[in-house]
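Hi,

Here is the structure I promised to pass on to you. Have a look at it first, and then read on for my notes.

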Amino acid sequence: MIIGVGADLVEIERIKDAVDKNINFLKKYFSSEEIDYFDSKNLNPETIAANFAAKEAVSKAFGTGVRNFELRDIEVLRNKIGKPYVVVHDKAKELKEELEIKNILVSLSHTDDYAIAYAVCEK
Ligand SMILES: CC(C)(COP(=O)(O)OP(=O)(O)OC[C@H]1O[C@@H](n2cnc3c(N)ncnc32)[C@H](O)[C@@H]1OP(=O)(O)O)[C@@H](O)C(=O)NCCC(=O)NCCS
(Lines give C-alpha, C1' and ligand atoms only; values in the text may rest on other atoms or scores of the structure.)
Protein backbone atom coordinates (compact mmCIF):
# COMPACT_ATOMS: atom_id res chain seq x y z
CA MET A 1 0.00 0.00 0.00
CA ILE A 2 1.32 3.45 -0.95
CA ILE A 3 1.55 5.73 2.09
CA GLY A 4 3.58 8.62 0.68
CA VAL A 5 4.70 10.30 -2.53
CA GLY A 6 7.22 13.08 -3.02
CA ALA A 7 8.65 15.11 -5.90
CA ASP A 8 11.57 17.51 -6.16
CA LEU A 9 13.05 19.66 -8.91
CA VAL A 10 16.64 20.95 -8.73
CA GLU A 11 18.43 23.54 -10.87
CA ILE A 12 21.57 21.84 -12.13
CA GLU A 13 23.56 25.11 -12.25
CA ARG A 14 23.09 25.53 -8.48
CA ILE A 15 24.51 22.09 -7.82
CA LYS A 16 27.37 22.67 -10.26
CA ASP A 17 28.24 25.92 -8.43
CA ALA A 18 28.08 24.20 -5.04
CA VAL A 19 30.40 21.40 -6.20
CA ASP A 20 32.82 23.89 -7.81
CA LYS A 21 32.89 26.34 -4.88
CA ASN A 22 32.69 24.10 -1.84
CA ILE A 23 35.03 21.16 -1.55
CA ASN A 24 32.90 19.77 1.30
CA PHE A 25 29.57 19.88 -0.54
CA LEU A 26 29.67 16.29 -1.78
CA LYS A 27 30.83 14.87 1.54
CA LYS A 28 28.19 16.82 3.44
CA TYR A 29 25.23 15.44 1.50
CA PHE A 30 26.37 12.18 -0.13
CA SER A 31 27.79 8.85 1.01
CA SER A 32 31.12 7.53 -0.24
CA GLU A 33 29.29 5.02 -2.46
CA GLU A 34 27.24 7.82 -4.02
CA ILE A 35 30.43 9.83 -4.57
CA ASP A 36 32.07 6.78 -6.21
CA TYR A 37 29.13 6.65 -8.63
CA PHE A 38 29.49 10.39 -9.37
CA ASP A 39 33.21 9.84 -9.99
CA SER A 40 32.35 7.08 -12.49
CA LYS A 41 30.26 9.72 -14.30
CA ASN A 42 33.10 12.31 -14.18
CA LEU A 43 31.16 14.32 -11.56
CA ASN A 44 28.39 14.99 -14.07
CA PRO A 45 26.29 17.70 -12.31
CA GLU A 46 23.07 16.28 -13.81
CA THR A 47 23.60 13.02 -11.93
CA ILE A 48 24.55 14.77 -8.69
CA ALA A 49 21.51 17.07 -8.96
CA ALA A 50 19.20 14.10 -9.58
CA ASN A 51 20.53 12.30 -6.50
CA PHE A 52 20.03 15.47 -4.46
CA ALA A 53 16.46 15.79 -5.78
CA ALA A 54 15.81 12.14 -4.91
CA LYS A 55 16.80 12.72 -1.27
CA GLU A 56 14.41 15.67 -1.00
CA ALA A 57 11.67 13.70 -2.79
CA VAL A 58 12.05 10.87 -0.27
CA SER A 59 11.85 13.39 2.61
CA LYS A 60 8.53 14.60 1.18
CA ALA A 61 7.28 11.05 0.69
CA PHE A 62 7.97 10.54 4.42
CA GLY A 63 5.68 13.52 5.00
CA THR A 64 8.26 15.34 7.11
CA GLY A 65 10.62 17.14 4.75
CA VAL A 66 14.23 17.17 5.91
CA ARG A 67 13.56 17.20 9.64
CA ASN A 68 15.34 15.28 12.41
CA PHE A 69 17.61 13.50 9.94
CA GLU A 70 20.38 14.41 7.51
CA LEU A 71 20.06 14.26 3.72
CA ARG A 72 23.16 12.08 3.87
CA ASP A 73 21.07 9.47 5.75
CA ILE A 74 19.13 8.89 2.52
CA GLU A 75 21.46 7.13 0.10
CA VAL A 76 20.52 6.86 -3.58
CA LEU A 77 22.46 4.16 -5.40
CA ARG A 78 22.16 2.31 -8.76
CA ASN A 79 21.72 -1.38 -9.48
CA LYS A 80 23.76 -3.21 -12.12
CA ILE A 81 21.61 -1.93 -14.96
CA GLY A 82 21.38 1.66 -13.70
CA LYS A 83 18.07 1.66 -11.84
CA PRO A 84 18.20 3.90 -8.76
CA TYR A 85 17.35 2.47 -5.35
CA VAL A 86 17.30 3.93 -1.84
CA VAL A 87 19.10 2.83 1.32
CA VAL A 88 18.35 4.72 4.54
CA HIS A 89 20.58 5.05 7.58
CA ASP A 90 20.52 6.34 11.16
CA LYS A 91 17.63 8.76 11.90
CA ALA A 92 16.08 8.31 8.45
CA LYS A 93 16.11 4.54 9.00
CA GLU A 94 14.43 5.03 12.38
CA LEU A 95 11.76 7.18 10.73
CA LYS A 96 11.23 4.59 7.99
CA GLU A 97 10.70 1.94 10.67
CA GLU A 98 8.42 4.19 12.70
CA LEU A 99 6.27 4.81 9.60
CA GLU A 100 6.36 1.05 8.86
CA ILE A 101 7.67 1.68 5.36
CA LYS A 102 8.78 -1.47 3.57
CA ASN A 103 9.82 -0.04 0.19
CA ILE A 104 11.06 3.33 -0.99
CA LEU A 105 10.96 3.68 -4.78
CA VAL A 106 12.49 6.55 -6.75
CA SER A 107 12.59 7.64 -10.36
CA LEU A 108 15.00 10.29 -11.68
CA SER A 109 15.27 12.37 -14.83
CA HIS A 110 17.33 15.34 -16.02
CA THR A 111 17.78 17.81 -18.85
CA ASP A 112 20.65 20.29 -19.27
CA ASP A 113 18.98 22.67 -16.80
CA TYR A 114 16.91 20.66 -14.31
CA ALA A 115 16.89 17.35 -12.50
CA ILE A 116 13.67 15.88 -11.15
CA ALA A 117 12.94 13.01 -8.79
CA TYR A 118 9.83 11.20 -7.64
CA ALA A 119 9.63 8.99 -4.59
CA VAL A 120 6.99 6.55 -3.42
CA CYS A 121 6.83 4.93 0.01
CA GLU A 122 5.05 1.58 0.39
CA LYS A 123 3.93 0.05 3.65
C1 LIG B 1 9.59 20.53 2.82
C2 LIG B 1 10.85 20.74 2.03
C3 LIG B 1 11.41 19.37 1.61
C4 LIG B 1 10.49 21.57 0.79
O5 LIG B 1 11.56 21.60 -0.13
P6 LIG B 1 12.01 22.95 -0.88
O7 LIG B 1 13.13 22.59 -1.78
O8 LIG B 1 12.22 24.02 0.15
O9 LIG B 1 10.76 23.42 -1.73
P10 LIG B 1 10.01 22.72 -2.94
O11 LIG B 1 9.54 23.78 -3.84
O12 LIG B 1 10.79 21.59 -3.51
O13 LIG B 1 8.75 22.05 -2.21
C14 LIG B 1 7.79 22.84 -1.62
C15 LIG B 1 6.55 22.00 -1.40
O16 LIG B 1 6.86 20.90 -0.54
C17 LIG B 1 5.63 20.47 0.03
N18 LIG B 1 5.85 20.18 1.44
C19 LIG B 1 6.00 21.06 2.46
N20 LIG B 1 6.13 20.40 3.62
C21 LIG B 1 6.06 19.09 3.33
C22 LIG B 1 6.12 17.91 4.11
N23 LIG B 1 6.28 17.95 5.44
N24 LIG B 1 6.03 16.73 3.48
C25 LIG B 1 5.84 16.66 2.17
N26 LIG B 1 5.79 17.74 1.36
C27 LIG B 1 5.89 18.94 1.94
C28 LIG B 1 4.63 21.59 -0.15
O29 LIG B 1 3.70 21.20 -1.12
C30 LIG B 1 5.49 22.72 -0.67
O31 LIG B 1 4.84 23.57 -1.55
P32 LIG B 1 3.83 24.71 -0.97
O33 LIG B 1 4.64 25.45 0.07
O34 LIG B 1 3.52 25.52 -2.18
O35 LIG B 1 2.68 23.99 -0.40
C36 LIG B 1 11.94 21.48 2.84
O37 LIG B 1 11.62 22.84 2.97
C38 LIG B 1 12.13 20.90 4.21
O39 LIG B 1 12.71 19.84 4.34
N40 LIG B 1 11.63 21.57 5.26
C41 LIG B 1 11.57 21.03 6.61
C42 LIG B 1 12.77 21.27 7.48
C43 LIG B 1 13.43 22.55 7.29
O44 LIG B 1 12.83 23.60 7.29
N45 LIG B 1 14.72 22.43 7.07
C46 LIG B 1 15.55 23.50 6.73
C47 LIG B 1 16.08 23.28 5.35
S48 LIG B 1 17.12 21.83 5.29
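**What I found**

Leu9 lies in strand β1, residues 2-11; helices (H or I, at least four residues) and strands (E, at least two) are DSSP runs, numbered from the N terminus. Before going further, please note that this is a predicted model: local features need pLDDT of at least 70, side-chain atom pairs count only at pLDDT 80 or more, and totals for chains, interfaces and linings use all residues. Residue numbers start from 1 along each chain as its sequence is written.

Back to that leucine. Leu9 is exposed because it has 12 other C-beta atoms within 10 Å (20 or more such atoms make a residue buried, 12 or fewer exposed, and anything in between partly exposed, with C-beta atoms placed from the backbone). Setting aside neighbours within four places in sequence, Leu9 is in contact with Ala53, Tyr114 and Ile116, where a contact means C-beta atoms, placed from the backbone, within 7 Å. Leu9 and Ala54 are 45 residues apart along the chain, and their C-alpha atoms are separated by 9.0 Å.

Ala54 also takes us to the core. The largest nonpolar core has 26 residues, and Ala54 is one of those with the most contacts inside it, including also Ala49 and Val106. Such a core is a set of buried Ala, Val, Leu, Ile, Met, Phe, Trp, Tyr and Cys residues joined through C-beta atoms within 7 Å. The elements that give two or more residues to this core include α1, β2 and α5, while α4 gives the most, with ten residues. Not counting residues up to four places away in sequence, Ala54 touches Val76, Pro84, Val106, Leu108, Ala117 and Ala119.

Which element gives the most to the shell around the ligand? That is α4, with three residues. The residues around the ligand are Asp8, Glu56, Ser59, Lys60, Gly63, Thr64, Gly65, Val66 and Arg67, each with its C-beta atom, placed from the backbone, within 6 Å of the molecule.

On the strand side, β4 and β5 pair in the antiparallel sense over eight bridges (a pair needs at least two bridges found by DSSP). They form a hairpin with three residues between them, and the bridge partner of Asn103 in β5 is Glu122.

As for the whole, the protein has five helices and five strands, in the pattern β-α-α-α-α-β-β-α-β-β along the sequence. Its C-alpha trace spans about 40 × 25 × 25 Å along the principal axes.

Best wishes

Technical notes
Two residues are in contact if their C-beta atoms, placed from the backbone, lie within 7 Å.
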